[in-house]
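Please look over the sequence and the structure shown below before reading on. The notes after them are meant to be read with both in view.

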Amino acid sequence: MSVDKATVAKIASLARIKMSDEELDRMAPELNNILTWVEQLGEVDVTGVEPMTAVIPNTLRLRDDVVDADPLTAGGKRDQVLSNAPAAEHGFFGVPKVIE
Amino acid sequence: MANLTELGVAAIREGVAGGEFSAREVAEAFNANVAAAGELNAFIVTTPEKALEAADAVDADRAAGKPLGKMAGVPIGMKDLFATHGVQTTAASHILEGFKPEYESTVSANLWKAGAGMLGKLNLDQFAMGSSNETSYFGNVVSPWRRNDGGNAALAPGGSSGGSSAAVAARLAPAATGTDTGGSIRQPAAFTGITGIKPTYGRCSRWGVVAFASSLDQAGPMAHDVRDCAIMLEAMAGFDPKDATSLDMPVPEWEAGLNADMNGKRVGIPREYRMDGMDQDVVKSWEDGIAWMKDAGAEIVEISLPHTKYALPAYYIIAPAEASSNLARYDGVRYGLRDLPDGAGLQDMYAATRAEGFGDEVKRRILIGTYVLSAGFYDAYYTQAQKVRTLISHDFKNAFTECDVILAPTTPTASFPLGDKVDDPLAMYLNDVFSVPASLAGLPAMSVPAGLNGDGLPMGLQLIGNAFDEQGVLNAGLALEQRAGFTAKPDKWW
């Protein structure tokens, strides 16, 4: 299966990465090379094989159902949460206007 | 007094504990080497004051007669993929430039608790995606090694933990942390003549490690020898409730358990790892390894890992798929870079920020991942790859009924010049052909220096063990190390 420039543009848009025409032109054959190469997996007989979900058998744990079970992620951390935000305003993350 | 920067983890710890030299003297010596090695570009930021601060605390504890930790007095390099409180953490990406975490990763916190100090944050391939350390936003790391042809060609230190490998090989740090997703500890260790181990998936907490492919990412130590790796891995590992895939098992005493006697052990040689057109120096080093294993008392058995050929293509579906999902978090809102063109809305801001912040290789992998996970293609690519992954894991399970540990080369060739493979992503991916299968199966695997090739460059041998059997891997590694007698080091030119 090969991807054309329009498909790459569509994927880039799904991935929220802006790409110029030149970048799309460059990326399309690179992605095609990689995809053609990974397609050899199609020749493996996987009848009756379950897809792997956990590489090492492990039971997922539940934390105690109490308020602030982990003090590190409990409340009262607003300033720390915002400390690396490119535009924090009035105690919130600032974003461009989303409603006209 | 010995030249302190020639010492490894065990020798420093013992010298400090015995009062032969102070932790501060050690930290000062390594800080000086770091400061003088700008040409290698191994560090993104240096933190000499952190190294001194930790050293002073160890010296004070010793003076007060308090017990010292496993890594007491050992200054280390920290791969810049581990979140360090108040110290810039970038994953070598522009999108995280300036990010100063409000928290400390579990692995780095464990190391500081054990008495280690931080020399600085080590350069790497951007988001750990690369095999030559050429995808960092902060420039290539240059290997301290050069070919013996008298040329000055700058060589790849391997990747993604290329800053870690270069720093240890150049004696800028006695040890460093690495992370391994498809070979990122073992391949750079092999390229630079040092030792590195990736433990069983789940041994080291992923909490606070910038995520690349969560089902594969695993931290581990990179150091001069097997014993140093055992010491440092003990300090790094341990159950962490903050990582859902952390192994809830006690950490074995790997250092105390070291034993190079291979009598009664079976060493498996996978026939599928013998590939057409293999580098003859690498083939020779593998044969040496087999002879050393026999000499140590092991029985050599031929084994088969029939799906080996499919490991790399499966990896290059699974890892980008997980990366495309993990890297969705970089949105220009909560942390890191924001690019807000005039009059842009929220969606435009996301797209502009990610275009500006991610490097080419990162974009390539996000696009591959997005494609293989998209509606209509998911089963053909992603589900198929996960089924193949199950088969690869079964191959290893079967093999470990016939052998205790597997011996193979770490990489298909020794290091190559920077720039040689950057224009051909596929050629670069093939570097990981021997390291990726163990990653897909979550198994412990180690690279130990085996010798120099015809160009005077290091080559590594890889040991792969059954799940949870780091001890078996370390012991076989020790048997190799004692027989390889690898003492070569790069001539200082930087």
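What follows is a short briefing, grouped by topic, on a predicted model. Chain A has 100 residues, of which 14% count as buried.

**Chain A**

- Chain A holds three helices and two strands.
- Read from the N terminus, these elements come in the order α-α-α-β-β.
- The radius of gyration of chain A is 23 Å, whereas a compact globule of 100 residues would have one near 13 Å.
- Along the principal axes, the C-alpha atoms of chain A fill a box of roughly 55 × 45 × 25 Å.

**Where the chains meet**

**The nonpolar core**

- The largest nonpolar core contains 173 residues.
- The residues with the most contacts inside this core are Ile76(B), Ala175(B), Met232(B), Ala314(B), Ile317(B), Leu367(B) and Leu463(B).
- Helix 9 of chain B supplies eleven residues, the largest share of this core.
- Leaving aside residues up to four places away in sequence, Met232(B) touches Val9(B), Met71(B), Ala175(B), Pro221(B) and Ala223(B).

- Helix 4 of chain B, residues 106-113, is mostly covered, with six of its eight residues buried.
- The buried residues in helix 4 of chain B are Thr106(B), Val107(B), Ser108(B), Asn110(B), Leu111(B) and Trp112(B).
- These buried residues of helix 4 pack against helix 3 (48-63), strand 2 (75-79), strand 4 (175-180), strand 6 (218-223) and helix 7 (226-236) of chain B.
- Gly115(B), which follows helix 4 of chain B, has a positive phi near 100°.
- Helix 10 of chain B has twelve residues and spans 16 Å from its first C-alpha to its last, close to the 16 Å expected at 1.5 Å a residue.
- Buried in helix 10 of chain B are Met349(B), Tyr350(B), Ala351(B), Ala352(B), Thr353(B), Arg354(B) and Gly357(B).

- Strand 11 of chain B, residues 458-465, has eight of its eight residues buried.
- In a regular strand, the side chains alternate between the two faces of the sheet.
- In strand 11 of chain B, Pro458(B), Gly460(B), Gln462(B) and Ile464(B) point one way, while Met459(B), Leu461(B), Leu463(B) and Gly465(B) point the other way.
- Both of these sets are buried.
- Strand 9 of chain B, residues 405-409, pairs with strand 11 of chain B in the antiparallel sense over five bridges.
- Ile406(B) has Ile464(B) in strand 11 of chain B as its bridge partner.
- Strand 10 of chain B, residues 445-452, runs antiparallel to strand 11 of chain B and is joined to it by seven bridges.
- Opposite Val448(B) stands Leu461(B) in strand 11 of chain B.
- The hairpin of strand 10 and strand 11 of chain B has five residues between the strands, and in this hairpin Gly456(B) takes a positive phi near 80°.

Technical notes. Residues numbered from 1 in each chain as written. Chains lettered and ligands numbered in written order. Predicted model: local features only at pLDDT ≥ 70, side-chain atom pairs only at ≥ 80, totals over all residues. Helix = DSSP H or I, 4+ residues; strand = E, 2+ residues; numbered from the N terminus. Rg over C-alpha atoms; globule rule 2.2 N^0.38 Å. Buried ≥ 20, exposed ≤ 12 C-beta atoms within 10 Å, placed from the backbone. Contact = placed C-beta atoms within 7 Å. Core = buried A, V, L, I, M, F, W, Y, C linked by C-beta atoms within 7 Å. Expected span 1.5 Å × (residues − 1). Pairing = 2+ DSSP bridges.
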